[in-house]
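This report goes through a single predicted model, from confidence to packing and local geometry. Please keep the sequence and the coordinates open while reading.

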Amino acid sequence: SNESLEDLSERNNLDSTTLMTETLARIYLEQKNYEQAIQSYKILCLKYPEKNVLFASQIEKIKNLQLQ
């Protein structure tokens, strides 16, 4: 049961990291700093495979913006 407590705290740390990375990605995007935004979403993809589709579609949108 000690183990499940540790798991929970670990997950919370990850969530705040995600929040930070997602926020950063949005800021980079607003600043048209596309490369950094893509990097942020790639990190998120690695950390959260279950949200991979969401982050991958963001990366695609950014790549389209870069082409304009």
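The confidence score used here is pLDDT, the predictor's confidence in each residue, from 0 to 100. Helices (H or I, at least four residues) and strands (E, at least two) are DSSP runs, numbered from the N terminus. Over the chain, pLDDT averages 83, and 76% of the residues score at least 70. Where pLDDT is low, the predicted coordinates should not be read in detail.

The model is predicted, so local features need pLDDT of at least 70 and side-chain atom pairs count only at pLDDT 80 or more, while totals for chains, interfaces and linings use all residues. Residues are numbered from 1 along each chain as its sequence is written, and side-chain values use heavy atoms, with hydrogens and water left out.

**Nonpolar core**

A residue is called buried under 20% relative accessible area, exposed over 50%, and partly exposed in between (1.4 Å probe, protein chains only). A nonpolar core is a set of buried Ala, Val, Leu, Ile, Met, Phe, Trp, Tyr and Cys residues joined through side-chain atoms within 4.5 Å. The largest such core has 12 residues, among them Ala25, Tyr34, Ile38, Leu44, Phe55 and Ile62. At least two residues of this core come from each of H1, H2 (34–47) and H3 (52–67). The most come from H2, which gives 6 residues. In soluble globular proteins, nonpolar side chains tend to be buried together.

**Helix H3**

H3 has 16 residues and reaches 23 Å from its first C-alpha to its last. The buried residues of H3 include Phe55, Gln58, Ile59 and Ile62. Seen down the axis of H3, its buried residues fall within an arc of 100 degrees, so they line one face of the helix; the arc is that of the directions from the helix axis to the C-beta atoms. Val53, Lys61 and Leu67 are exposed on the other side of H3.

Ile62 is buried, with a relative accessible area of 0%. The C-alpha atoms of Ile62 and Leu29 are 7.7 Å apart in space, although the two residues are 33 apart in sequence.

Contact means heavy atoms within 4.5 Å.

| Residue | Contacts |
|---|---|
| Glu22 | Leu44, Lys51, Phe55 |
| Ile38 | Ile59, Ile62, Lys63, Gln66 |
| Ile62 | Leu29, Tyr34, Ala37, Ile38, Tyr41 |

**Salt bridge**

The structure holds 1 salt bridge, defined as a side-chain nitrogen of Lys or Arg within 4 Å of a carboxyl oxygen of Asp or Glu. Which side chains meet in a salt bridge? They are those of Glu22 and Arg26, at 3.8 Å, N to O. Both residues belong to H1 (residues 2–30), and because they are 4 residues apart there, about one helical turn separates them. Glu22 counts as buried at 16% relative accessibility, whereas Arg26, at 46%, counts as partly exposed.

**Backbone at Lys32**

Lys32 has its place in the loop between H1 and H2. Phi of Lys32 is near 55 degrees, a positive value in a residue other than glycine. Most residues other than glycine have a negative phi. Lys32 is exposed, with a relative accessible area of 59%.

Conventions. The expected span of a helix is 1.5 Å times one less than its number of residues. Lists of a residue's contacts leave out its neighbours within four places in sequence.
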